[in-house]
Amino acid sequence: MSQETIGSGSSRTGLTRRASGYLNVHPKVRLALTLGIPLLWIGVIYLGSLGLLFVNGFWRVDVLTSRITHDWGLQNFHTLWTSKVYRTVTIRTAGLATAVAITDVLLAFPLAYYAARIARPKVRAAILVAVVLPLWSSYLVKSYAWVTMTSPNGLIDSLSRALGFPSLHIGTTQWAMWLAYAYLWLPFVVLPVYAALERIPESYLEASSDLGGRSWMTFRRVVWPMAIPGVVAGSIFAFSLTLGDYILPIILGNTKLIGNVIYDNVGVANNLPLAAAFALVPVAVIGVYLFLARRLGAFEAL
Amino acid sequence: MRYRGGAIAIRLASGFVLAFLYIPLAVVFLYAFNGSVAQGWPPKDFTTKWFSLAWSDPTMREALANSVKIGLAASFVAVVLGSLAAFAMHRFRFFGRETVSFALVLPIALPGIVTGMALRSAMSTTGVTFSIWTIMIGHATFCVVVVFNNVIARLRRTSGSIVEASMDLGADGWQTFRFVTLPSISTALVAGALLAFALSFDEIIVTNFLSGAETTLPKWIFNAIRLPHNRPVANAVALIVILLSVIPVYLAQRLANQGEVDRTPTVR
């Protein structure tokens, strides 16, 4: 449904004018021109690559020549399914990603709510900058900051001792990874939640309180339903970013996630087909997640 | 005034979350000046020698140059593709529209390792040699959606009536685009480009799969922090990267605010 009126019928000529007029009456040509190039890039380069990833998962590496042979088969998936190690890694990764997504929503909500509904415009702008700024600072070094903070004589141990607790010794554990991931992806969750909360018309909240809704009732019946798309969008970021990471386990902690197994198979073990097959596991996991999110209408808020 | 008690609780929680966001950055800041290579808490003595050491390292300079090149090229591609897609998706309703928006989100919605593995499989299958351009292609692919999101959000907020007014007053499609649509989305374009650059500048997950011997700044830092004696230098480099980013983010925010003020109050 194009919104513009029919060509103005002016007698002025000129190439741009004629082209504009042509495009005005031929919206399909205009659609093809605007959407064609991005679609070609995403379609050929990205979806094509995903297709080749899928295909690679069915090939195997010749043991003698260590080159990829195009023998089709399910051997990689069989290995992944029957081996207890791979199953443990998958469950561990999905569990950690879920924990991180929930933690981030809990942390992001009050800040986003404060920025969107309570803060004065200047404070709001300052908070948004404060949230966006860490996105710009190197993700590696932020991860590394957690190595220093969780190390035996680091900040967290010092703090806990100063408060009279024993040393926590969380360095190299999954607790450290959970904290670090929650920290790393928090801005990605705050921003969509903020966007969703900002969109709630003030009149809805007034209507709710006029009709006798207390704070909690207004929150549960008005704010939360309208925030869900943002919350889901944000949790997709946190979940997916955790699921796809292999850097943090290398610098912090010594537990392997799906990403580490894939990365090792591309590099050290030189088994691209097995890596490709294992890379399809997070695709399946996130596919389910995205399907559910789309049914909740989350993509309008991304 | 509706939720006084709640407002105080939310204020406190917000302060806590902001502290959580900034304490690790402060730690990086502090350790960049740490006099000793061992990183105990608290740092005992302070020095600025890591900065001069970092700057005199030719591998660091090369990595920095590569990262800037890749970031600029990737965000340029992302701005072109992302804004074209946003115009099309905003203006037209067509068969498969939902699928297209889904495909655009996919490179960033799918875990980074999947995107990296997919592009790696494609390059290994088609026999492409790695270079900074293979890295750039990967980065551009997941940066498109960032620009797309920014532009389409702005298009949705911009009142359609100003476009209609322009056409009614006799402007053709190009003039309307040039003098009405473009000015109203320009800040969103800049914000999208800045975000795309930031995403590319910091990326390592996909980069590792798409590079051979080429280093980028994140790859350089990654190697440096795994060698304990290089960690202080890495902290110094990181601090510079953090400081350099303050200016563009500040500018982007100011640009976005101007857009807010100019916005017609009748937007939905």
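Start by selecting helix H4 of chain A, residues 84-118, together with helix H8 of chain A, residues 174-198. What you have open is a predicted model. The axes of these two helices come within 6 Å of each other and cross at roughly 40°. Now colour the contact between H4(A) and H8(A) by residue type, and you'll get 23 nonpolar residues, 2 polar and 3 charged.

Stay here and click on Ala112(A). Which residues does Ala112(A) touch, leaving aside those up to four places away in sequence? They are Val190(A), Val193(A), Tyr194(A) and Leu197(A).

With both chains on screen, go to the place where they meet. Here 86 residues of chain A are in contact with 83 residues of chain B. Which helix supplies the largest share of chain A's side? Select residues 27-56 of chain A: this is helix H2, and it brings 18 residues. Colour chain A's side by type too, and it divides into 58 nonpolar, 24 polar and 4 charged residues.

Now hop to helix H7 of chain A, residues 155-162. Its buried residues are Leu155(A), Ile156(A) and Asp157(A). Follow the chain onward to Gly164(A), which comes after H7(A) and has a positive phi, near 90°.

For the last stop, pick Thr69(A), which sits in strand E2 of chain A, residues 68-69. Is Thr69(A) buried or exposed? It counts as exposed, because it has 12 C-beta neighbours inside 10 Å, and the cut-off for exposed is 12 or fewer. Leaving out residues up to four places away in sequence, Thr69(A) touches Trp59(A), Arg60(A) and Asp62(A). Finally, draw a distance line from the C-alpha of Thr69(A) to the C-alpha of Leu205(A): it spans 63 Å, and the two residues are 136 residues apart in sequence.

Terms used:
Residues are numbered from 1 along each chain as its sequence is written. Chains are lettered from A and ligands numbered from 1 in the order in which they are written. This is a predicted model: local features need pLDDT of at least 70, side-chain atom pairs count only at pLDDT 80 or more; totals for chains, interfaces and linings use all residues. Two residues are in contact if their C-beta atoms, placed from the backbone, lie within 7 Å. Helices (H or I, at least four residues) and strands (E, at least two) are DSSP runs, numbered from the N terminus. Ala, Val, Leu, Ile, Met, Phe, Trp, Tyr, Cys and Pro count as nonpolar, Asp, Glu, Lys and Arg as charged, and the others, Gly among them, as polar. A residue is buried if 20 or more other C-beta atoms lie within 10 Å of its own, exposed if 12 or fewer, and partly exposed in between; C-beta atoms are placed from the backbone. Axes are lines fitted to C-alpha atoms, for helices over the stretch in contact, and angles run from 0 to 180 degrees between N-to-C directions.
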